[in-house]
Amino acid sequence: MTMLLFSLWNSPTVTSRRNHPSNCEQWNRPPARKVHVCNFISQVLASKIVLIFCLSLSIPFNCNAFELFDSVQIHGFVSQAMFLSSGNGMFTDNKSNPNFEFTELGINGSWYATPNLRLSMQVLSRRAGRWDNGSPVIDFGLMDYSFNFDSAYRVGIRAGRVRQPYGLYNDTRDVAFTRPSILLPQSIYLEGARDLTISGDGLILYGESTKPWGNLTLELFGGYPRTESINNQFQAVFGYSGVLESNPSFVGRFNYETYNGRLRFALTGAYTTATASKSVPSPNGLVTFAPMIFSAQYTTDKWTLTSEYDFDFFKGENLGLPGFPINPDFNYFGQKYYFQAAYRFNPQWELMARYDAMYPNSHDQSGYQASIKSKGLSPDYSHYAKTMTVGLRWDITPMMMIRAEYNYINGTAWLPVQGVPTGVFGISDNSQTSKYWDLFGLQVSIRF
Amino acid sequence: MPKIISCYTCRFRNMALWSLILLFSGSMMAEENVVAVVHYGTPVTTPISRIRLSSIFSMRLTTWSDGSAIKVFVLPDDNPLNSTFCKQILKLFPHQLRYAWDRLVYSGTGQAPVILSSTQEMENKIANTPGAIGYLPKEKKDDNVAILLVE
């Protein structure tokens, strides 16, 4: 098992460096990016050291966690994926096949200082194409104080860098074991907007009630969402360098589940704004994103049926530069949803099928108006995406899992910016993408 | 004629036998062969409600009534006793509990139970850890731990 993992682990660096001449050229163009390459290599080495550490600790003990001493727990995970694409590259614009640029590695610790006060932190190294280069970041780091009343009610506060309460899968979106597929349904869990929704610096107030008729949970987040890797996409999208800085934002999630957890409903509402500070003398832009997500899940011994529906308001103001031929401002009412069925025909095996649809502007579902407005730079099919997915998962042990999946996609609405080739004015040229494409993925994952 | 009668009796006997077997196997199935156990002196009264016990094993309820910490111990996911305890006592599927723990652990919102490798280790841990809760096979019940019945 260790050998298999290392061979998989070793291949990405070799493949990505050998097969991506265009990527290297891009890195070498501005002098600042040379540093990026060096950093990248040292970070990959660092992640390997962490992996060796994790494996050497986890395998001999053959248990799912470590209790260093009383009330301290250490957990972690590592996943490596491989993709084959017939059209667009998910993590690189030159669609190199096979592509190994999707690695997730995390380690977290949690300590109950008192029965009511817990400290917790997770460090994440994520490699997902050009901008998520594996440099370790603090994914969450928080203080959690909670209080139980007569075992039926609980209230608490989490402060620090906290996970934003967003839909069903956002809480653990980097942990392959908790996902239904290698890539989450992209309509709701858009790869390109990951930073804005994953965690933020601020507070969460929460309350829980446990009654015979079910559990109710309410979580309210207020704070600053992260924008680190989004900043790197700025130039590719808007054609000038700038910084996206989040403003105070709010997310709330109300969750109901029956006592036995078979039926679960969640309602998420969020209001996020970010200021686009430009490096050129022109007024600053503003991006506003306000989604409302309805989630439902039904679980039996063998089946899990899931669906989420998102209706959102997404607006970009004052984003263009004076004299620039295309005005990138937008004002969208988006509509996104998926239906998903997972069937565990054996405790270790699971089959999954999903239909996922994304219309960033529901008033222009065919993308016709947007393609005219962009003067051909973004064709109609870049304004929607319909995805059909089938997948198979095998839990070899409770600690190790492999899975395969196949996606058939019509449209490129959720294709990350890094998968779109660069065209004139140095901005992403969606007309160089494929409308119909297939994406096949394999993934191996370990957790403890 | 006698033939027919005997055939009827035969059928009746068969039916009676089958229903007896069904009844018996039914009661065998219903009989719980795993029990929840706690450390002696834990501030909890038996029987405990199923909802409260589920909250404890889902790691949502983290303190006993006196404010002391609850220490939850379980067996590995693929241990048959784990599955039996989830289904028969908690009335939950093992994969639901696993998902709930993963959500807590990897989002920084809680801790997972401590996983032990054998029932012997479980017995020792429960006996020696104040505030501990876990489960053991019914026939293995021991004087070192207190049994927690479910209402």
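Predicted model: local features only at pLDDT ≥ 70, side-chain atom pairs only at ≥ 80, totals over all residues.
User: In strand 17 of chain A, which residue is the bridge partner of M401(A)?
Analyst: Strand 16 of chain A also pairs with strand 17 of chain A, residues 436–447, in the antiparallel sense and over 11 bridges. Within strand 17 of chain A, the bridge partner of M401(A) is S445(A).

User: Which element of chain B gives the most residues to the side of chain B that touches chain A?
Analyst: The contact takes 32 residues from chain A and 29 residues from chain B. On the side of chain B that touches chain A, helix 2 (50–57), helix 4 (94–107) and strand 3 (114–115) of chain B each supply at least two residues. The residues on this side divide into 12 nonpolar, 10 polar and 7 charged. The element that gives the most, with 7 residues, is helix 4 of chain B.

User: Is E123(B) buried or exposed?
Analyst: E123(B) lies in helix 5 of chain B, residues 119–128, and although V37(B) is 86 residues apart from E123(B) in sequence, their C-alpha atoms are 8.9 Å apart in space. A residue counts as buried if 20 or more other C-beta atoms lie within 10 Å of its own. Because E123(B) has 20 other C-beta atoms within 10 Å, this residue is buried.

Methods
Residues numbered from 1 in each chain as written. Chains lettered and ligands numbered in written order. Contact = placed C-beta atoms within 7 Å. Helix = DSSP H or I, 4+ residues; strand = E, 2+ residues; numbered from the N terminus. Nonpolar A, V, L, I, M, F, W, Y, C, P; charged D, E, K, R; others polar. Pairing = 2+ DSSP bridges. Buried ≥ 20, exposed ≤ 12 C-beta atoms within 10 Å, placed from the backbone.
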